[in-house]
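Please consult the sequence and the structure while reading.

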Amino acid sequence: MKGGLDPEYFNRIINREQTDSVKYDGRQGIFGKSNVTPAWVADMDFAVPPAVTEALIARARHPIYGYTLFPDSLYDATIDWIQRRHGWTIARDWIVMCPGVVPSLNATVMAFTRPGDSVIIQPPVYFPFFSAVTQTDRKLIENPLKRNHDRYVIDFQHLEHCAKDAHLLLLCSPHNPVGRVWSPQELEQLLTIAERHNLIIFSDEIHADLIYPDNKHTVLATLNGSNKHVITAMTPSKTFNIPGLNLSALIIPDKTIRKAINDVFNSWHISASNPFSITAFETAYREGEEWLEALRIYLRDTRDCVAAYLNEHLTKIQLISSEGTYLLWLDCNAMNMNDTELKHFFVHEANVGMSPGILFGKEGSGFMRLNIGAPRQTVMQILKNIHQAYNRRT
C-alpha cells in the first residue's frame, strides 16, 4: 500500500444505508425498527484495502462479465498467503474453490454422512452449524464448550463420549462467537480423539487472519496425523471485509475426501467463478497485508476500550476474554433479564442491534454478540447508549 495506511482510515464513518446492505437496510426485518445502531451480522463498516477497490474498478472497465475461469494466479495467491501467514505449505490440487463457507458446511455433511448419521458441533456456535445438520436429516450431537471464568475450553471427556457415535465434527477455529483461538495442545487432543474414532473434521478457519496481537492461530491441518481427516475452510472474505462476493477455499489434502466434496458441489450446479469475486480475492491476498496489520491493532484497541468501559460503567455485563475475530461475547446474565427481555432492552431501550446469544444454542442464553468491526466512536456510542438505557431503568 503505497505511502502507508492513513492512521484515520478505520475511523472514517461510511454511510452504508441504501446500498442493499443486510446489516443496515435489513434492520427493519430483523429488529422491527430501522434506526437501531447495527452491531450484529459479521461484516465490518471499514473500507476494504484500496488496492481491492482499484482492482475491481479496473475489471469493471472491461464491459463483458461472462463465465470466468479460476486463474493460476488465484491459486498462487492463496498458496502464498497461507504459507506466509500460517506456515502451511499446500499444493494447488488441494484447493477447492467454492461459493462460501456455509454451503461448504452443508456439502461436507452431505458428502460424508447419510440421513440419521450423527454430527458433532460445539455450542455456543455460529448457527449455520446447527442447520447444516438438522436440515439434512442428520442427528445433532452437541459437545458444549465449558466456561472457565472468562474464557471457554473444550470438554474433551464429553467429546470422547460423543465421538463414539459420530461420523463428522464441525469445528469453529477461531471460535465464533466466544473468541477462542485454540492452542496447539487443545487441537492435538481433539485430533487424537478424532483419529481414535475415525472422525472427519470440517475446520472452519475463516477468522484465522483476525487474531489479536499476542495470540497465534494454529491451522489444525498442520498438526501431525491430521491430513487424512481434516477439511480446512479459509477465505479473505472476513479478513478483508468482502463477504458479499461469496468466494472461499477449501483446503483438502486427501484425494478421496476432495472428490467427495467436489461431487456434491457438482451435483448442485452452483458456480463460484465470478469475475469480481476472483479479482477481489486475489488482490486482497496479494496486496492487503499492510491493511490487515493495521486492522488487527485497531480491533485490539477497540476491544480493550470496550473492556475498560464495561469495567467502569456497565459492571452487569462481562466481556468474555477474546483472542480473535471482531465479535465479542457479552455475558449479560447479571442484568437479570430473560432472552426476550434482553432483546427488547437492547433494541427498544438502548437502540442497539446485536445478535442474541440464544441464536448460538441454549448455552448462549443470557449473552449477546457484539460486532466491533466499526469505527471506534460508533462502538463507544453503542456502549453509552446501553449505559444510559440501563440507568433509566435503575
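With which residue does Arg92 form a salt bridge, and how far apart are the closest N and O atoms? The partner is Asp72, and the closest N and O atoms lie 2.4 Å apart. The model examined here is a predicted one.

## The Arg92–Asp72 pair

Arg92 is located in the loop between α4 (72-86) and β2 (95-98), whereas Asp72 belongs to helix α4, so the pair ties together parts that are 20 residues apart in sequence. Arg92 has a relative accessible area of 36% and is partly exposed. Asp72, at 49% relative accessibility, also counts as partly exposed, because the class of exposed residues begins over 50%.

## Salt bridges between helices

The count of salt bridges in the model comes to 22. One of them joins the side chains of Glu293 and Arg85, with an N to O distance of 2.7 Å. Glu293 is in helix α12 (residues 289-313) and Arg85 in helix α4, so this contact ties together parts that are 208 residues apart in sequence. Glu293 is partly exposed, with 29% relative accessible area.

Arg393 and Glu349 form another salt bridge through their side chains, at 2.9 Å from N to O. This pair links distant parts of the chain, with Arg393 in helix α14 (residues 376-393) and Glu349 in helix α13 (residues 339-349), 44 residues apart. Both partners are partly exposed: the relative accessible area is 46% for Arg393 and 25% for Glu349.

## Packing of α5 and α10

Two packed helices are described by the angle and the distance between their axes. For helix α5 (residues 101-112) and α10, the axes come within 9 Å and cross at roughly 115°. That angle makes α5 roughly perpendicular to α10. The crossing of α5 past α10 is right-handed.

## A nonpolar surface patch

Met110, Trp268 and Ile270 make a nonpolar surface patch of about 260 Å². Of these residues, Trp268 is placed in helix α10 (residues 255-268). Trp268 counts as partly exposed, at 31% relative accessibility; patch membership requires over 30%.

Is Phe130 buried or exposed? Phe130 is buried, since its relative accessible area is 14% and the limit for burial is under 20%. This residue is in helix α6 (residues 128-134). The C-alpha atoms of Phe130 and Arg147 are separated by 20 Å, the two residues being 17 residues apart along the chain.

Notes:
Residues are numbered from 1 along each chain as its sequence is written. This is a predicted model: local features need pLDDT of at least 70, side-chain atom pairs count only at pLDDT 80 or more; totals for chains, interfaces and linings use all residues. Side-chain values use heavy atoms; hydrogens and water are left out. Patches are made of residues with over 30% relative accessible area and no salt bridge: like charges are joined within 9 Å, nonpolar side chains (Val, Leu, Ile, Met, Phe, Trp, Tyr) within 5 Å. Accessible areas come from the Shrake-Rupley method with a 1.4 Å probe; for residues, only the protein chains shown count as cover. A salt bridge is a side-chain nitrogen of Lys or Arg within 4 Å of a carboxyl oxygen of Asp or Glu. Helices (H or I, at least four residues) and strands (E, at least two) are DSSP runs, numbered from the N terminus. Buried means under 20% relative accessible area, exposed over 50%, partly exposed in between (1.4 Å probe, protein chains only). Axes are lines fitted to C-alpha atoms, for helices over the stretch in contact, and angles run from 0 to 180 degrees between N-to-C directions. Angles under 35 degrees count as roughly parallel, over 145 as roughly antiparallel, 65 to 115 as roughly perpendicular and the rest as oblique. A crossing is left-handed if the near helix is turned anticlockwise from the far one by less than a right angle, and right-handed if clockwise.
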